[in-house]
Amino acid sequence: MRPADLPILFKWEERKPLLHEGMLCVPRHYENHDKFSISFEEIFGNNHPICIEFCSGNGEWVARAATIYPEFNWIAVEKQFKRTRKIWSKKQNLGLKNLLPVCGLAEDFCLHYLKSSLIERAYVNFPDPWPKNSHAKNRIIQTPFIEMIANVSKPKATLTLVTDDQKYANQMMKVVGGHPRFTSVEDSFLPEDYGSSYFNRLWLSLGKSIRYMKFEVV
Ligand SMILES: C[S@@+](CC[C@H](N)C(=O)[O-])C[C@H]1O[C@@H](n2cnc3c(N)ncnc32)[C@H](O)[C@@H]1O
């Protein structure tokens, strides 16, 4: 299966939430999310614990995770359709029944499609750094989003954040580490066996060091 084997699923004017061949589309600027109900137990065919990666890019990291940890169900949320269908093609080619690619905004998916105390582990690997000060407001790791994550996480669930951008890493530590719903349990360089991705290799090849931060939901 090539990514292009998954056609664009609807025109903008006809957008709606849609589960199609194992991929979920969550449209933007849409008001009726709550009319669409999904059951993860039905989608995955079991009630294994759920891990989620937000901002998955082409899904290399999450496809490996789903392969080596089949005892978990994995959700990969990516806003760009072209990238999400690369995740979908990995799912098809590797036969990963425990991986659900979701095309949509992480914030929309978290708010409308996840119920409370559902998630066991959440990951955000190399979120867009928005390095200019005037753009920093666009960063995904901010209080409203991490509060959404806390609400849908089980007690003692973990949130792992990985970035090459030291300024963003410091902001993450301040926002998440300083939030009463999270406690910092690890702050180090990326472990060697963590798994790789396009952006991981890119930044390492440019000699950047990668910060790895793990938090536990209180
Ligand atoms: C720098 S890339 C990293 C991709 C991947 N995690 C990796 O390590 O290769 C950031 C990705 O986050 C996606 N993204 C940015 N904001 C998002 C949002 N609010 N919801 C979902 N995906 C988002 C972008 O489309 C992009 O693919």
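Helix H7 supplies three residues to the shell around the ligand, the largest share. The model is predicted. Its chain has seven helices and nine strands. The radius of gyration is 17 Å, close to the 17 Å that the globule rule gives for 218 residues, so the chain is as compact as a globular protein of that length.

**Around the ligand**

- The shell around the ligand holds 22 residues, and Cys55, Gly57, Lys79, Ala106 and Ser197 come nearest.
- At least two shell residues come from each of strand S4 (73–78), helix H4 (106–113) and helix H7 (198–205).
- By type, the shell divides into eleven nonpolar, six polar and five charged residues.

**Helix H5**

- Helix H5 covers residues 143–152, and its buried residues are Phe145, Ile146, Ile149, Ala150 and Val152.
- Residues three or four places apart in an α-helix point the same way, because the helix has 3.6 residues a turn.
- Among the helices that cover the buried residues of H5 are H4 and H6 (166–177).
- The cover also includes strands S6 (119–125), S7 (153–163), S8 (182–189) and S9 (211–217).

**The chain as a whole**

- The C-alpha trace spans about 40 × 40 × 35 Å along its principal axes.
- Of the 218 residues in the chain, 39% are buried.
- Among contacts with a separation of 6 or more, 72% join residues 24 or more positions apart.

Methods. Residues are numbered from 1 along each chain as its sequence is written. This is a predicted model: local features need pLDDT of at least 70, side-chain atom pairs count only at pLDDT 80 or more; totals for chains, interfaces and linings use all residues. A residue is near a molecule or strand if its C-beta atom, placed from the backbone, lies within 6 Å of it. Helices (H or I, at least four residues) and strands (E, at least two) are DSSP runs, numbered from the N terminus. Ala, Val, Leu, Ile, Met, Phe, Trp, Tyr, Cys and Pro count as nonpolar, Asp, Glu, Lys and Arg as charged, and the others, Gly among them, as polar. A residue is buried if 20 or more other C-beta atoms lie within 10 Å of its own, exposed if 12 or fewer, and partly exposed in between; C-beta atoms are placed from the backbone. Two residues are in contact if their C-beta atoms, placed from the backbone, lie within 7 Å. The radius of gyration is taken over C-alpha atoms; the globule rule is 2.2 Å times the number of residues to the power 0.38.
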